[in-house]
Amino acid sequence: MVDAETLLALARAAKVQIATAESCTGGLIAAALTEVAGSSDVLDRGFVTYSNAAKIKMLGVAPGTLDQYGAVSEQTAREMAAGALHQSDAQLAVSVTGIAGPGGSDHKPEGRVCFGLAQSGKPTQTETRDFGPLGRAQVRQATVQHALNLMAKALRSAQ
């Protein structure tokens with residue numbers, strides 16, 4: 001598990017800026033990064049796109065993607081991450097969209113989160129994690145941790 005300070009050091013060493021596109025975490029990933037003094041040289045910006053309209057307007061998510069797959073989907077996470085990269089000066093962007101709870105459905109259960117990871121010059125990657133019905137705060141915190149881990153893995157593999 002990577003903490004925010006370690007991730008920032010990895011990004012600095014790689015001369016990479018980061019952007020976040022957050023739905024279910026409501027800015028917690030950006031908040032975790034900005035808890036560390038001096039993070040402004042790495043974190044370019046964070047997009048909190050809780051509504052579908054915000055995903056469309058701020059990140060360029062296609063309305064058809066939302067209609068066909070829903071907000072909680074790898075397709076939407078892919079477009080969110082790519083949009084954050086495109087709308088920022090960053091070279092690495094992470095996106096999260098999920099169901100923190102309470103609630104959910106058989107098709108999209110509580111605790112399901114879709115992640116996107118966009119990097120300059122590389123195809124955008126996605127994955128889905130089912131954290132389970134841990135409770136809203138715990139799902140959101142697990143999502144932040146997983147996003148930090150994904151970015152650190154990408155930075156380490158680029159070295």
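This is a predicted model: local features need pLDDT of at least 70, side-chain atom pairs count only at pLDDT 80 or more; totals for chains, interfaces and linings use all residues.

Residues are numbered from 1 along each chain as its sequence is written, and side-chain values use heavy atoms, without hydrogens and water.

The protein chain has six helices and five strands, where helices (H or I, at least four residues) and strands (E, at least two) are DSSP runs numbered from the N terminus. Read from the N terminus on, their order is α-β-α-β-α-α-α-β-β-β-α.

The radius of gyration, taken over C-alpha atoms, is compared with a globule rule of 2.2 Å times the number of residues to the power 0.38. For 159 residues a compact globule would have a value near 15 Å, and the 14 Å of the protein chain agrees with this. Of these residues, 49% are buried, meaning under 20% relative accessible area with a 1.4 Å probe, protein chains only.

One aromatic pair is counted, under the rule that ring centres of Phe, Tyr or Trp (its six-membered ring) lie within 6.5 Å, with planes over 60 degrees apart called edge-to-face. The partners are Phe-115 and Phe-131, 6.4 Å centre to centre with 80° between the planes, which is edge-to-face. They link distant parts of the chain, 16 residues apart:

| Residue | Element |
|---|---|
| Phe-115 | strand E4 (residues 112-119) |
| Phe-131 | loop between strand E5 (125-130) and helix H6 (136-157) |

Phe-115 is buried, with a relative accessible area of 1%.

Key:
Buried means under 20% relative accessible area, exposed over 50%, partly exposed in between (1.4 Å probe, protein chains only). Rings of Phe, Tyr and Trp (its six-membered ring) pair if their centres lie within 6.5 Å; planes under 30 degrees apart count as stacked, over 60 as edge-to-face and the rest as tilted.
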